[in-house]
Each structure stands twice: as structure tokens, then as C-alpha cells.
Amino acid sequence: MKKIFLSAIFAMVALSAGAWCKTGNAGVVVLATKHLTPKALSVVEQYLGTTYEDDCDYLYLLQRKKKADFTKEIHYLHLDKDFQPLNVEGDDALKALEKALEVVRTRDAHSAAEVKKALRTVINLMLDIHNYSNIRIENIPHSHSNFTFKRQVSEYKTTTYKNYKWANYWTGLSNSLAVFHADLWAEDMELHHGAKFAEMSKGTLREWVSDNGAKAAKHLAYVYPDSVITLRDCLMMDFENYDMMTYAGFRLAALLNQTIR
Amino acid sequence: MKKIQLSILTIVALCSVQSAAAWGGVGHHSAAYIAEQHLTPEAKEKCRYYLKHTLSYYAMWMDRWRGIKEFEAINNGHSIRTTDNGRKLSWAEGYNVKGRAMGHLVNAYKELGNGNYKNLPDSVVRQRLINMVHYVADMHCPSHCGFPEHIYPLSSKYNLKRNGKFANFHSFWDGSPGYKRKGITVKKYHEMIDKVSPKEAKKWQTGLEHKNLEKGLEGWAKVFIKHGHEAYAILPEGTDIAHLTKEQQEAVHDLADRSILVAAYRLAYVLNTIFKE
């Protein structure tokens, strides 16, 4: 059972495209739609319809099909040591997000296809910037690579460790619930955190980026190449990963509500 | 929130229930999801109050975090054992012995039932519910019925193959609800299998009303043992699971789906009874 379970979680990473598993990503968007203003919801539905699984994978599918007009760097956030955005060459997640938001804001001046692409970009990148493995911090060199660390398997049996990749670990954590459908993800996150929507979605995009960077840095202080992570820390990482999915959904709603008035 | 999370860790150390291991993701999450569809409004509200999540969220928790020290007492099992003749549940072994899921259910029910949950700290009720969601499903897994070795060899010795190489009997049945159903979600699975009539459901949902719970749940044990025998009959020694016949594949799905359904309806029954006003 244990073998099946671990391989199900961490081998499936290869199948997922995006911040988390496919249904998890869609669940985050469904969660967001529950907190959209009627105006924002009608615009989202006008361009994207009412199901979001394909929209969540949009940027990754473009890359995979080699139809992207961007590099994979678009998925990453680049922050300085104080977690403020760095002005990197080319587009990173923040720059691309801000450009896409501008298209959504001025949607009447753009074609339907352009607005649809911009909305999908906003969704994809809001998911990406809430996954710690997409955050690169200036003074933390290992945040720039998909390094390997060791994860404790058991605290009380003959201690054994397994190797995991930083990016795959955060992406793969949601795979334990990959059989959820998007509505169930959203229902569960709403049940768990719904009352805290106002608190969790407070702030601006740039403040959220810094907040995410500071949180990621806390983990990167004890998870580094070849470090050994206790199971207890992994449990807390799992809880936090779920929280970050919820943050992504709530903040996506807030961002769209601010943009679509 | 962090306080709640840490209290889960603390409280679990105090739990009398035990065990871990069974259905894979499709089975566990679906059993919990289907159970939730059959909760009374009162039971659903209470479960959500204590868990702050859906039942499905916690369906595999006992497997996922079994390696944490406080969970050592609940690491092994989630199974039941039959007596030497392989026909009857061994109640003598059923209490607080590792891996005796029926005993844990009886204990947990006594702790929470008859309104007793109201006198327990929320964190204790929460942990009992998390455990119950898992092991009520687990005990219905056909490979979780432990037979004496002279009847069937251990999984590690049972001659099952996948493309000629050794395959684990237990693991195969753990994953059987998702067998050849790539990408299935709990919702699709629910829609596909839950065609149960109220009459049939009622047949499964009995036992807790009995003054002697062990006696009352004997009917459950009979089903586990019957399903256990079926699992071996469908995959006799020497079977290559990569090349099952169409009939075998159908039989695998039939047994897996029936087991999940019974587990789901019974989990709902247990929770509805506990939280009945």
C-alpha cells in the first residue's frame, strides 16, 4: 500500500502540468469563481466558459506543443533578498501577469482571443506564484534549481530516507487528492478557509508576491540540497501547501474583481 | 490553524484506535465521498464542524502520515482476522490488538455513540472521525481480511505475477477500484457505481442497534470474509494480472465496487447513528 501510495503521489508529478495536479488547479479556479463579483464572473464565463481544467494547463500545453511565444522562465518569480520583485531580463511570472491583467482591464480594445489568452495567463501564473518551487530568491542559490533532498520515511522504524526533488515535491503534494473533481477541491477549500476570504485575499499583487517569497524562504532555510527533512516537517509542508492553494484561489478572485469593474 | 494541526498530532497519540493501509486513492476517497452523499443533514453538519474538511479530505490521512512517531500505535493493520477455519471473525483477538479494525470501530463507536461525543474535546472527536473514515473503508477491502496461512499464503508469498514478475496480491486489490480506470475522479466513480436501492442499503446498515455490538456486527464480518474468499477465487495462484481475461476484469471491478459501496453506506450509517439527535 505504502509503495502504491508514494509512487501514486510522486510518480504522477510527471503527468501533472502546472502548479499542482490537474484537478487541484481547476479546483483553485472554481474556488475563485465562488468569490467573484457578478460582473467579474460574467466576464470570466464569457471568455472561458464554466469549466477550467484546460485553462489551467494552457501555458504548459503551449510549451509542450512548442507553440509558446515565451520561455519556461515565465513560470518563475524572481525576488531579491527582501522579497521584492527583481527586474530580470525578459518576462517572469510577475511581469507576464501584470501585462495579462492590463489586457483584461482594457479588454474592449482587444480581440476575444487575446482576452481569453490573457485570462488563461492570469489563472496559470496566479497558480504558479503560489507554488514555492517557482520562487527564486536572489540570495538563496538553491531556490534557483530543482535540487534533491531526503525525506524521512518513518520516525520509529529503522530510519530510512527517500530522495525527492524540490519542485516535484510541492507540485506532487496535491496528487494525494488528485481523484477529487474540481468542485470537490473547491468545496473542501471553501469549507476549510472560506470564512477567511477577506483576510487571505487582502493586499496587492506585489504584496502577495513578497509574502509568498518570505514563506518560501522559511522552508528553503532548512530544505536544501542533500538536507534531511523530518516527516513532521513534511506534514506541516503538506498543510501549508493546501493553504497556498487556497490563497491562490482567493487572491485570484480578488485580482479579477479589482481588474474587472 | 497551526494549533489545530498540532493538536491533531498530539491527540492521535492518545488514541486507542489503531492501524493503517488499504484502498488506494480512488477507493478511499470515493468511499468517503459516497458516504458523505448519504449523511443526514445533522451528521454532515457535525462532521464538518469537527473536521473542517470534507470526509474525503481525510480518507487517506492514516496512511499518509503513518510514519510519524505519535501514529506508531495506529500504523499496523486496518485489517481483520479470521479464525483458524477461515470462516469466522476472531473477536477474541479483536480488541486493541494491532491491525484489528473491527475492534477499533467498536471502541470508537462506544466512545462517540449515544451522545458521548458531546462530552469529549473537539480534537478527540475529530481524530476519532479521521480514523473512522479510513478504517471503515479499510476493513471492507477484500485483501484486508487476514486468513490463516494454511488457507491462503501471505501476500508476499502468494504466486501472482505481472508480466511474469512477482506481483503483490494485497497491493493489487488495494488499487482495484482504479484498475483500468485511469483519470477517474470520485464524482465519476460515484455516478458509475452508486445505484443502490434503499432496501439493499438497509440490509447493509444494521448492527449498531444491537446491545452487544460484537454480536451486532457479526453480519459485517461475514461479508468481509466472503469478499476475502472471492478475491482469492478471482485471482488464483499463477495468475498474471497484466493479462486478466475479460471475465476476470469484470469480476475484479464487481468485487471492488461492491466493497466500496458497502463500506460507504456503512460509514454513513455509523456517522448518522453517532450524530443522531
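What is the strand order of the open sheet of three strands in chain A, and which kind of pairing does the sheet have? The order is 4-3-5, with mixed pairing. The structure is a predicted model, in which local features need pLDDT of at least 70 and side-chain atom pairs count only at pLDDT 80 or more, while totals for chains, interfaces and linings use all residues. Residues are numbered from 1 along each chain as its sequence is written, and chains are lettered from A and ligands numbered from 1 in the order in which they are written.

Helices (H or I, at least four residues) and strands (E, at least two) are DSSP runs numbered from the N terminus, and two strands pair if DSSP finds at least two bridges between them. At the edges of the sheet lie strand 4 (161-165) and strand 5 (228-229) of chain A, each of which pairs on one side only. Strand 3 (residues 148-152) of chain A pairs with strand 5 of chain A in the parallel sense over two bridges, and with strand 4 of chain A in the antiparallel sense over five bridges. Towards strand 5 of chain A, A:R151 stands opposite A:I229, and A:K150 has A:V228 as its bridge partner. Towards strand 4 of chain A, A:F149 stands opposite A:Y164.

In a regular strand the side chains alternate between the two faces of the sheet. Helix 8 (residues 166-173) of chain A lies across strand 3 and strand 4 of chain A and runs at about 90° to strand 4 of chain A.

Elsewhere in chain A, helix 2 (residues 22-33) and helix 12 (residues 231-259) pack at an angle of about 40°, with their axes 7 Å apart. Axes are lines fitted to C-alpha atoms, for helices over the stretch in contact, and angles run from 0 to 180 degrees between N-to-C directions. Helix 2 of chain A and helix 12 of chain A are therefore oblique to each other; angles under 35 degrees count as roughly parallel, over 145 as roughly antiparallel, 65 to 115 as roughly perpendicular and the rest as oblique. On the side of helix 2 of chain A, A:G24, A:V28, A:L31 and A:A32 meet residues of helix 12 of chain A, among them A:M245, A:G249 and A:L252.

Most residues other than glycine have a negative phi. A:K66 lies in the loop between helix 5 (58-64) and strand 1 (77-79) of chain A, and A:K66 is exposed, with 6 other C-beta atoms within 10 Å. A:D226 lies in the loop between helix 11 (205-220) and strand 5 of chain A, and is exposed with 9 other C-beta atoms within 10 Å.

Between the chains, 24 residues of chain A are in contact (C-beta atoms, placed from the backbone, within 7 Å) with 28 residues of chain B. The largest share of the side of chain A that touches chain B, five residues, comes from helix 9 of chain A. Chain B contains 12 helices and four strands, and buried residues make up 47% of its 277 residues.

How values were computed
Two residues are in contact if their C-beta atoms, placed from the backbone, lie within 7 Å. A residue is buried if 20 or more other C-beta atoms lie within 10 Å of its own, exposed if 12 or fewer, and partly exposed in between; C-beta atoms are placed from the backbone.
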